[in-house]
Amino acid sequence: MNACDQLIDYFNQHLTEDERIQFEAHLATCQTCQEELEQLEALVGGVAFLSEPAEPPSGMKARILDNVFAEDEPKPKKVEPTPITPFTATKKNQKTPWGALALAATLMLSLIGNGYLLLNQDDPSGIALTETVPLEGESEGVAYLAEQDGQRQLIVQTNGLAPLEANEVYQVWLLKDGSPIPTGAFVTDDKGNGTVIYPLDSTESETDWDTVAVTKEPERGNTAPVGEIVLSASL
Amino acid sequence: MTDIELYERVRQKDKQALEALYDRYERILYAFVMQLTKDRDLAEEAMQEVFIKLWRGGGVYDETKGKFKSWLFTMSRHVTIDLIRKRKPDLQLDESYAEAIPSPAPSVETEVEWQEERTQIETAMAELPVEQQQVVRLMYFQGLSQQKIADACGIPLGTVKGRIRLALKQLRRHLSHDLIDKEVER
């Protein structure tokens with residue numbers, strides 16, 4: 001078969017990806033194929049009218065237009081983070097048992113941007129961030145201490161964590177002097193994105209904790225970390 | 001407003017323009033994708049893909065390339081075949097369909113939209129020898145591979161293209177410029 005003989009299979013989408021790319025390269029240089037393809041396409045608008053009349057399902061217009069326009073609604077994940085003034089962080093920069101490395105300022109800004117969008121768009125009910133700490137380790141991540149209606153919360157967001165096996169979870173811990181308490185577990189999506197929001201006891205203050213860490217645990221519900229630490233930061 | 005004017009407004013994110021295009025083409029486009037999918041759910045999904053593509057600006061219409069209508073139907077056909085291959089990889093024209101070529105759909109009284117276009121293409125098709133009608137349908141509505149068209153028509157592989165070319169030439173002769181693009185009349 002010479003290249004021109006693939007025109008019909010190209011038009012009817014029967015070529016493999018490789019074949020298609022090859023044929024398109026041929027098409028770019030073959031005037032006969034270009035003309036024949038144009039003729040095939042030109043008649044689609046005519047033969048379409050040979051279709052048997054079919055009654056559109058009721059409500060289809062509303063469903064379709066809703067979905068089409070919903071594509072435009074801002075989604076936190078898709079919106080480019082807007083650089084904003086970083087929230088005041090009371091970071092002490094003390095060494096933790098896991099060691100702390102400074103993250104690039106751009107990464108911090110970008111993550112804070114994401115957090116800003118998450119907190120301000122998904123939850124407009126007046127949540128206030130009291131501390132924002134970039135996490136260091138295997139992927140991007142950020143921890144927030146926040147307050148909403150008098151309730152303090154620990155929020156951890158990650159991006160790009162390794163995929164989990166069947167029963168595994170990522171577990172967040174708060175630590176003081178090396179002793180951890182579990183503060184919520186999460187699983188990630190296909191991009192390694194995950195979020196956990198954990199309500200803190202209102203009598204506790206942030207100075208009670210010196211470290212936040214994320215470990216990969218073989219199962220949910222461990223009261224002490226078994227798995228390796230993937231992200232951490234000092235508070 | 002012409003299709004092209006509406007399309008230009010859609011490019012500017014004018015929701016009303018998209019709705020107007022939708023209203024204009026809903027019935028005929030739905031009939032067309034139903035013809036391809038034979039499945040109401042899949043047809044609706046295809047319709048949605050088409051309008052998402054229009055709205056997002058995927059696949060840009062270029063006036064120098066021909067009529068908007070041809071572009072819209074070609075794009076819709078592409079989207080629909082893609083969807084069929086994804087959802088129903090086994091869906092193929094079985095040879096039974098090839099044997100029993102349905103006559104052109106009778107125009108029902110309620111189907112007043114696009115009546116002129118319908119009548120025109122039906123008349124043009126009726127002028128073709130049966131074997132050319134068959135190849136047009138296998139080609140456009142069944143989306144068969146060249147080999148399957150050859151098998152269905154009982155002709156050598158190498159003859160398929162020639163027969164299609166002949167059928168298109170005959171059709172073009174009977175269709176007004178509204179249904180086909182002028183530049184292919186050369």
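Chain B has a mean pLDDT of 83, with 82% of its residues at 70 or more; pLDDT is the predictor's confidence in each residue, from 0 to 100. This is a predicted model, in which local features need pLDDT of at least 70, side-chain atom pairs count only at pLDDT 80 or more, and totals for chains, interfaces and linings use all residues. Residues are numbered from 1 along each chain as its sequence is written, and chains are lettered from A and ligands numbered from 1 in the order in which they are written.

**Confidence**

For chain A the average pLDDT is 76, and 73% of the residues score at least 70. Helices here are DSSP runs of H or I with at least four residues, strands are runs of E with at least two, and both are numbered from the N terminus. The complex as a whole receives an ipTM of 0.84 and a pTM of 0.58 from the predictor.

Two residues are in contact if their C-beta atoms, placed from the backbone, lie within 7 Å.

| Stretch | pLDDT | Contacts beyond near neighbours in sequence |
|---|---|---|
| Chain A, residues 76-125 | below 50 | 61 contacts |
| Chain B, residues 93-107 | under 50 | 20 contacts (beyond four places) |
| Chain B, residues 182-186 | below 50 | 7 contacts |

Where pLDDT is low, the predicted coordinates should not be read in detail.

**Interface**

Chain B places 55 residues in contact with 31 residues of chain A. On the chain B side, the elements giving two or more residues are α2, α3 (40-56), α4 (68-87), α6 (115-126), α7 (130-140) and α9 (157-174). The largest share, 11 residues, comes from α2(B). By type, this side of chain B has 29 nonpolar, 17 charged and 9 polar residues. Ala, Val, Leu, Ile, Met, Phe, Trp, Tyr, Cys and Pro count as nonpolar, Asp, Glu, Lys and Arg as charged, and the others, Gly among them, as polar.

**Nonpolar cores**

A nonpolar core is a set of buried Ala, Val, Leu, Ile, Met, Phe, Trp, Tyr and Cys residues joined through C-beta atoms within 7 Å. A residue is buried if 20 or more other C-beta atoms lie within 10 Å of its own, exposed if 12 or fewer, and partly exposed in between, with C-beta atoms placed from the backbone. The largest core has 63 residues, and B:Val33, B:Met47 and B:Phe51 have the most contacts inside it. Helix α2 (residues 15-37) of chain B gives the most to this core, 12 residues. Leaving aside residues up to four places away in sequence, B:Val33 touches B:Ala43, B:Ala46, B:Met47, B:Ser76 and B:Thr80. A second, separate core has 28 residues, including A:Leu129, A:Ile155, A:Val156 and A:Leu231.

**Strands of chain A**

Two strands pair if DSSP finds at least two bridges between them. In chain A, β3 (residues 140-148) and β4 (residues 151-159) are antiparallel over 9 bridges, with A:Glu140 opposite A:Asn159. Their hairpin has 2 residues between the strands, and A:Asp149 takes a positive phi near 50 degrees. β4(A) also runs antiparallel to β7 (residues 194-200), through 7 bridges; here A:Thr158 stands opposite A:Gly194.

An open, antiparallel sheet of 5 strands in chain A has the order β2-β9-β8-β5-β6. β2 (136-137) and β6 (179-186) are at its edges with a single partner strand each, so one side of each has no neighbour in the sheet. β2(A) pairs with β9 (residues 229-234) over 2 bridges, where A:Glu136 stands opposite A:Ser232.
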